[in-house]
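Student: I'm new to this one and would like to learn how to read it. Could you walk me through it?

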Amino acid sequence: MDTVDGDIGSSGAHCASCGSVSCIGCTRTLDPPRFCPECGRRLTVAVTPGGYRARCRDHGDLASA
Amino acid sequence: MRCIQAAWFRRWADRSPGSGLLVFGILVRPTTVAPMSGDATTSPTPTTVTLSPPRRGEPERPEIDPSAARARIHAAETALLDERRLLTGEELAGLAALPDDYVTSLAALAHQVRLTWCGPEVEVEGILSAKTGGCPEDCHFCSQSSQFDTPVKATPFLDADEVLRAAEETKASGASEFCIVLAIRGPDERTMQRILELVPMVQEKTGMNVAVSAGLLTEDQARRFGEGGVHRYNHNLETARSFFPNVVTTHTWEERQETCELVRTHGMELCCGALIGMGETDEQRIELLTQLQDLDPTEVPLNFLNPRPGTPLGGERPIGAWEAIRWIALFRLGLPGVILRYAGGREVTLRELQSMGMTSGINALIVGNYLTTLGRSADEDLQMLSDLRMPVGALTGVL
């Protein structure tokens, strides 16, 4: 897998799974990121059989695998 | 996971003197329970073993006379392998009531039934959510419903290049089937046209059979899909008729049944799956099995609830792995000739027991990712099949 940002869940202020700034770790191994770690906005995520692509309206492509 | 010193185990030990329980392949007997803190006894030497307690909603199955249990299994074997007939709901209920110690026997029979009725091949499929989220329906397990506040953001229909790229990814994993899935109640005319353009494109580009899952269909839509080269159409019953109103209120079980019947009428193979673990009872799972027998689908994808944040079922726990193996076996025994496919939730439900599912009746897999969640890698699944000496091949209706 070609991970652009494998640490998306912990690299910003917001949790990539729930978008909260106070989350202490709800990320599930088999879930793609759903929230932008920078701004907490919901990501546009395309899951394909071999990977996924996550994009923030303001911060662009954030993660793929 | 909790320690067997937990109260429930002690209750079980008290109820079942002299009996045993298989824990990770080790027979644990109540006499090996460590004394509770404060117990006066100091022997035998404490042994700590951990195991999963029964989950909420999993029935406690009473002990049964071993000869009666063996007789039920033997009768099922005779019916399925010698008489080659379907089991009745009553026979299936008798098997479902067997205690946990008999799950391996059910699994062994299910594997033999699968080989006898379907052969050794395992079918590999990839699925793509071509239009994600924003669905007006309220299926309580689904993160793509617009009626629930879930993390899944609605996205429009992927363009043809993206769909073709995903199909090629799937083909590279050795798959023979590719399913285009849309989160919609049913297709409007524009969606119909997009799907009917994509199906021959994917087929021509990859050589794979193309399946579609686009919700409820009218008769005309079913006819057009059938004529348009859709090999298999997916429309799940999900659960028994009697339980369906607990999990979906925006359409009825009968509407789903009607679409399933239209699929068959118009020459497509019917893929009609189940979702286990939403709070339904054993009796309702048996009810679903008999309803699936009546519909006679080619394929049954078997999903296990993976509770999704924000959905009404988001607070549920996945069913236990051993319980999942039991129901994989029972689905094979109830539907001996179908393509029984591992679908969503298997990683979180079965964990290390995924290969055991393959020898309990499963003969098809969704490889790679699912619609909104990730799966384990296709390479891991292909290695598993190789280790099990199970050849990959295309399957079709064998009943």
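Student: How are helix 5 of chain B and helix 6 of chain B oriented to each other: parallel, antiparallel, perpendicular or oblique?

Tutor: Some ground rules, then the answer. This is a predicted model, in which local features need pLDDT of at least 70 and side-chain atom pairs count only at pLDDT 80 or more, while totals for chains, interfaces and linings use all residues. Residues are numbered from 1 along each chain as its sequence is written, and chains are lettered from A and ligands numbered from 1 in the order in which they are written. Helices (H or I, at least four residues) and strands (E, at least two) are DSSP runs, numbered from the N terminus. To get an angle, lines are fitted to C-alpha atoms, for helices over the stretch in contact, and the angle between N-to-C directions runs from 0 to 180 degrees. Under 35 degrees counts as roughly parallel, over 145 as roughly antiparallel, 65 to 115 as roughly perpendicular, and the rest as oblique. Here, helix 5 (residues 160–172) of chain B and helix 6 (residues 189–206) of chain B pack at about 40 degrees, with axes 10 Å apart, so they are oblique to each other.

Student: Which hand does the crossing of helix 5 and helix 6 of chain B have?

Tutor: A crossing is left-handed if the near helix is turned anticlockwise from the far one by less than a right angle, and right-handed if clockwise. This crossing of helix 5 and helix 6 of chain B is right-handed.

Student: And which residues of helix 5 and helix 6 of chain B meet?

Tutor: Contact is the idea you need: two residues are in contact if their C-beta atoms, placed from the backbone, lie within 7 Å. From helix 5 of chain B come B:Ala160, B:Val163, B:Leu164, B:Ala167, B:Glu168 and B:Lys171, and they meet B:Leu198, B:Met201, B:Val202, B:Lys205 and B:Thr206 of helix 6 of chain B. The classes go like this: Ala, Val, Leu, Ile, Met, Phe, Trp, Tyr, Cys and Pro are nonpolar, Asp, Glu, Lys and Arg are charged, and the others, Gly among them, are polar. By class, the contact of helix 5 with helix 6 of chain B has 7 nonpolar, 1 polar and 3 charged residues.

Student: What about helix 3 and helix 11 of chain B: at what angle do they pack?

Tutor: Helix 3 (residues 89–96) and helix 11 (residues 321–334) of chain B pack at about 160 degrees, with axes 11 Å apart. These two helices of chain B are therefore roughly antiparallel, and their crossing is right-handed. B:Leu92, B:Leu95 and B:Ala96 of helix 3 make the contact with B:Leu330, B:Leu333 and B:Gly334 of helix 11. Those residues divide into 5 nonpolar, 1 polar and no charged.

Student: Which hand does the crossing of helix 2 and helix 3 of chain B have?

Tutor: Left-handed, for helix 2 passing helix 3 of chain B. Helix 2 (residues 66–82) and helix 3 of chain B pack at about 135 degrees, with axes 10 Å apart, which makes them oblique. B:Arg72, B:Ala75 and B:Ala76 of helix 2 meet B:Glu91, B:Gly94 and B:Leu95 of helix 3.

Student: Which residues touch the most other members of the largest nonpolar core?

Tutor: In general, nonpolar side chains tend to be buried together in soluble globular proteins. A residue is buried if 20 or more other C-beta atoms lie within 10 Å of its own, exposed if 12 or fewer, and partly exposed in between, with C-beta atoms placed from the backbone. A nonpolar core is a set of buried Ala, Val, Leu, Ile, Met, Phe, Trp, Tyr and Cys residues joined through C-beta atoms within 7 Å. Of the 113 residues in the largest core, B:Leu106, B:Ile180, B:Val212 and B:Leu333 touch the most other members. Helix 11 of chain B gives this core its largest share, 9 residues. Leaving aside neighbours within four places in sequence, B:Leu106 is in contact with B:Leu95, B:Leu98, B:Arg326, B:Ala329 and B:Leu330.

Student: How many helices and strands does each chain have?

Tutor: Chain A has 0 helices and 3 strands, while chain B has 14 helices and 13 strands. Buried residues make up 35% of the 65 residues in chain A and 45% of the 399 residues in chain B.

Student: Is A:Ala13 buried or exposed?

Tutor: A:Ala13 is exposed, with 12 other C-beta atoms within 10 Å. A:Ala13 is found in the segment before strand 1 of chain A.

Student: How many residues does each chain bring to the contact between them?

Tutor: Chain A brings 17 residues and chain B brings 22 residues. On the chain A side, the largest share, 5 residues, comes from strand 1 (residues 44–48).
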